[in-house]
Amino acid sequence: MKALAVVLLALSHAGCASLGGPGHASYRKQIDAVLDAPPLDQVHFGILAVDAASGRTLYARDAHRKFVPASNQKILVTSAALSLLGPGYRYESALWSDGPFADGVLDGDLVLVGTGDPTLSRPFWPSGEEALQALADSLLAAGVRRVTGALVVDATRWDSTTVGPTWEVEDLPFAYGSTGGAFALDHGEITVVARGGEVEGDPATVSWTPLGSHDFVVAHLSTAPSDSSTRVRSDYLPESHKLVLEGRVAAAATDTLRFALRDPVRQAVATLARILDQRGIEVDGGSRVTWDATAAVTAACAAGGSAACPEARRIAGLRSPPLSEIVEAILEPSQNWMTEQLIRTLGAELGDRGSWKAGTDVVTSFLVDEVGIDSLDVAPRDGSGLSAHNLVTPRALVRTLQYMAAGPNGEIYRHAMAEPGEEDSTLERRLTELQGRVFAKTGTISNVNSLSGYLVGQDGREVVFSLLSNGSGLPSSRVRAALDDVIKVLAGIRP
């Protein structure tokens, strides 16, 4: 912690382009040469690189100014979650009831308390449906064959909003703009397999997973000539709770498409109800979701979960992998949906409910009160970084990374980050000459590119760095190459 204090003191003085001591003038020349060459000289860069051991600033450029971080926002959320909830934290999708149970018959409602478990999806299960099949099998193992009441999903600890409050409308149909809720599957996505007819003009057909209600997808797709490309757009209709697909599919072609599900909780409940039926568990009263904390979910229990009802008992359920594995599944591929589930979990566990506002309040308090970041250095608005309203300074990101490295979860956190050459990570094809030496989080949205993390130099010295760029107006590949060149300079490799 003494080393951390030295770092924090050094960071408080980081501002315009500067170096921390003699012998590093070449860093300044080389990095400035990269960033000041046209057309990069029109881009806003915020950079801070410090020696991890001493806290000495190796390079800084506008490190005190706020930038839109893109997916570097995930650093703030995952560091807060690991620190506050602990690496061993697990979600539970529990099924409980207060009704009598005998001879395979549960007399009453079967209640699932929604906890926002983000692991009912890849990479923890081949699919969300397989996760729910395991949940149904746990109910069978408990001896349940019939439920006289209803399947009720208690979602009262979370808000019912499924769209980030500051997201752009054009992002909402796409899988990267998916959100979930207290009970959701498959990264909040729907996977559609579209098949063209044999000849032009025939209607195209579709199938989809997760398969909840059978009429959820309404397809208006035509068959185009065989040399055409597939073009399908989605539009969710909230008044009918249906997803409408319009467009074309080439003749005799089959294409797999992914869209934001947009009605994740209700469709997850419909999927579970269907799977229970397939497994031979009769549920007489159908299924429903309640977001009303004043509603009754069983004869004796109000909404809010079994913890508030002494009459309730757990019958079956699933536990998630530990949070350490969840954070790795977020950071390595930069998984948006799981991060949004995580920030709303922080709100549900440590705030007043599972909402973006409660979650960002928890993250902000952690960063300011525990990490020691200036409150003016951060303004979180979501978990994933999809929002262009998020703001953070490079020095705040470096301070967070240094805090994590100095704490008990340092190795877990470093291991959870992407590495050059690592399969399915965002650095799989970047900085490959630095394999084993870079552990970092990437970030990309329109006109924003970022890269922050840890670097081992040629001399074995560790560098903690944050590189943020805004307002580029350039292809992301061009800006990413410049950020990689900065890392190569810090690593002792000339770009």
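# The largest pocket and the cores

Me: How many residues line the largest pocket, and which lie nearest its centre?

Reply: The lining has 37 residues, and S71, Y176, S334, Q335 and N336 lie nearest the centre. A pocket is an open set of points on a 1 Å grid over the protein atoms alone where a 1.4 Å probe fits, with protein on both sides within 12 Å along at least five of seven lines; lining residues have an atom within 4 Å of a point. This is a predicted model: local features need pLDDT of at least 70 and side-chain atom pairs 80 or more, while totals for chains, interfaces and linings use all residues. Residues are numbered from 1 along each chain as its sequence is written, and side-chain values use heavy atoms, leaving out hydrogens and water.

Me: What volume does the largest pocket have?

Reply: About 670 Å³, counted as the space filled by probe spheres set on the points, which are joined across faces, edges and corners. Two or more lining residues come from each of α6 (323-331), α7 (336-350) and β20 (438-445). Those are DSSP runs numbered from the N terminus: helices are H or I with at least four residues, strands E with at least two.

Me: How does that lining divide by class?

Reply: Into 14 nonpolar, 13 polar and 10 charged residues. Ala, Val, Leu, Ile, Met, Phe, Trp, Tyr, Cys and Pro count as nonpolar, Asp, Glu, Lys and Arg as charged, and the others as polar.

Me: Change of topic. Which residues of the largest nonpolar core touch the most other members?

Reply: L323, V363, L367, Y413, M417 and Y454, out of 49 residues. Such a core joins buried Ala, Val, Leu, Ile, Met, Phe, Trp, Tyr and Cys residues through side-chain atoms within 4.5 Å. Buried means under 20% relative accessible area, exposed over 50%, partly exposed in between, with a 1.4 Å probe and protein chains only.

Me: And which elements supply this core?

Reply: β1 (44-51), α3 (73-85), α6, α7, α8 (356-371), α9 (394-406), α10 (410-416) and β22 (462-470) each give at least two residues. Helix α3 has the largest share, with 7 residues. Another core of 30 residues lies apart from it, including I31, A440, V486 and L490.

Me: What does L323 touch, leaving aside neighbours within four places in sequence?

Reply: L323 is in contact (heavy atoms within 4.5 Å) with A81, L82, L85, G86, P87, G88, Y89 and L342.

Me: Why does Y413 count as buried?

Reply: Because its relative accessible area is 0%. Y413 sits in helix α10. Not counting residues up to four places away in sequence, Y413 touches K74, I75, T78, S79, L82, V327, L331, L401, M404 and Y454. A polar atom of the Y413 side chain is also 3.1 Å from the backbone oxygen of I75.

Me: How far is Y413 from A37?

Reply: Their C-alpha atoms are 35 Å apart, and 376 residues separate them along the chain.

Me: How many cavities of 30 Å³ or more are there?

Reply: The structure has 1, where a cavity is a set of grid points the probe fits into but cannot get out of. The largest cavity has a volume of about 30 Å³. Its lining includes S93, L112, D117 and F183, and by class has 6 nonpolar, 4 polar and 1 charged residues.

Me: Last one: is T271 buried or exposed?

Reply: T271 is buried, at 0% relative accessibility. T271 is in helix α5 (residues 264-278), and among its contacts beyond four places in sequence are E129, L132 and P210.

How values were computed:
A polar contact is a pair of N or O atoms within 3.5 Å; within protein, one must be able to donate a hydrogen and the other to accept it, and residues adjacent in sequence count only if both atoms are side-chain atoms.
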